[in-house]
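Here's a quick tour of a structure for someone meeting it for the first time. Have a look at the sequence and the model, then read on.

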Amino acid sequence: MAYYNRARRFFAFIMGDQKQKNLSASFKLENFSSTSKLASNEVCVSIDGKDGQSDDYNPFENRNVEHPNSTVGALIHLLKSSLGTGILAMPVAFKNAGLLGGSIGTLFVGFLCTYCVHMLVSASHEICRRAKIPSLGLAETCGAAFEYGPKSLRRFSTAVRISVDISMVITYFMITSVYVVFMSDSLRQLVEHWLPETTYSTRLYMVMIMVPLMLSSQVRELKHLVPYSFLANIFMVTSFAISLYYLFLDIPDPSSRPLFSSIGHLPLFFSTVIFAMEGIGVVMPVENSMKKPQHFLGCPGVLNGAMSIVVLLYAVIGFFGYLKFGDETQGTITLNFPVDEIPAQILKLLIVLSVFFTYNLQMYVALDIIWKKVDNRIVGSVKRNVTQVITRCLFVAGTVGIAAAVPNLEHIIGLVGSICLSIIGVLLPAVIETVVYWEYSFGCMRWKLIKNAFLAILAIFALISGAMESISALF
């Protein structure tokens, strides 16, 4: 009987190890999605190190990426995800904070966004080590954190994962709709200046750009979007150079502008900057697709390098834009530039091209979530390809339809963006880190718990203030 029991335990050990190998193999990067099953009876958690860290499993060494992205490609993607049309609103953000207040506030928000992304990625790595999974997406990380957190919270894992997916789809769907409005308005202004007799409506321009957007949207791999991001960055940086040319002409005395604004305007400043700078939705796909993901965090690292450049550009455009135009600063700085001058026309055209090439990167996040919901239900490669083409075309048509139906879409985006990005960009990382380390250690004097509580309060403040400002602008 003793030999029989030993043999049975040995056989169970071998079968358990084989199950673990099969599970790890099934979680390849190209298959990760919000539908991945992370039930406790399917994933074996191994905790060997201090604070719950597992030292015998390295997620980076077990990733199998079909189209890996280089470190430079990841840097370009992160730059493009954060360098969007929101930077054109930085001068009006400084208008609500003052020259010195805006500069300090931009540095603070930049550090906040970078740190929250670092928290989320580090938590994802920790969960991967514990569960012996190569990689997880944003929604999977949030769901798995609750799955392996305190027992009283585990029943919320599925709801959290679905909520994050829905928030991401809504946010990026609305952002790409705003891109359609921005491109259409800019093209209309240029055409009406060049051809004064042309009086087409903005909706007609939306329909005109819908076809090239549908063609551009058929690029499916993040690696193949690197040229798009590279061109968008070149166009945007050139636009910045032309903008600085106008901003540096006849610079007023800085003493003519207030250093600080009233406290009542700070919520609008904070909401504008965090909405413009936050690009957390692209972070996890970029990090998961890297050939050397160990270069993403750390110093200097891809994340720190990209966000340093972003914060510097945001601060420069905001500072000198407000210094140049003062109280006359408009919602988009390009509206302050004379349309009858050649450099300003080139500036507007380059920004349109930059937004066009950014559109595909922004829609990647929402489409990846949507496609993973229907991919497994389609049999046959031909049907799968046709369905994906149709899905991408319908997404583009939907953004154009929303843009055409809602004339003041910018205010609605301000409302949706303030709510979603305050939750996803700041509140969610704080909650996830707290849940991941709840049963372990929060550090000396529980500083992680205190810090995360502060971040949660700050996120709720940004959510409420941003929503109030957007609603007041709508009515």
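Helices here are DSSP runs (H or I, at least four residues) and strands are DSSP runs too (E, at least two), all numbered from the N terminus. This is a predicted model: local features need pLDDT of at least 70, side-chain atom pairs count only at pLDDT 80 or more, and totals for chains, interfaces and linings use all residues. Residues are numbered from 1 along each chain as its sequence is written, and side-chain values use heavy atoms, with hydrogens and water left out.

**Loops**

- K132 sits in the loop between helix 4 (99–131) and helix 5 (138–147), and its phi is positive, about 60 degrees, although K132 is not a glycine.
- Most residues other than glycine have a negative phi.
- K132 counts as buried because its relative accessibility is 13% (buried means under 20% relative accessible area, exposed over 50%, partly exposed in between, using a 1.4 Å probe and protein chains only).
- D250, in the loop between helix 8 and helix 9, also isn't a glycine and has a positive phi, near 55 degrees.
- With a relative accessible area of 70%, D250 is exposed.
- G301 belongs to the loop between helix 10 (280–288) and helix 11 (302–325).
- Leaving aside residues up to four places away in sequence, G301 touches H295 and F296 (contact means heavy atoms within 4.5 Å).
- G301 and L75 are 226 residues apart in sequence, yet their C-alpha atoms are 9.2 Å apart in space.

**Aromatic rings**

- The structure holds twelve aromatic pairs (rings of Phe, Tyr and Trp, the latter by its six-membered ring, pair if their centres lie within 6.5 Å; planes under 30 degrees apart count as stacked, over 60 as edge-to-face and the rest as tilted).
- One of them is F173 with F395: the ring centres are 5.3 Å apart and the planes are at 90 degrees, so this pair is edge-to-face.
- That pair links distant parts of the chain, with F173 in helix 6 (residues 157–194) and F395 in helix 13 (residues 381–405), 222 residues apart.
- F395 is buried, at 6% relative accessible area.
- Y245 and Y246 form an edge-to-face pair, 5.2 Å centre to centre with 70 degrees between the planes.
- Y245 is partly exposed at 45% relative accessibility, whereas Y246 is buried at 6%.
- Y228, F235, F356 and F357 make up one aromatic cluster.
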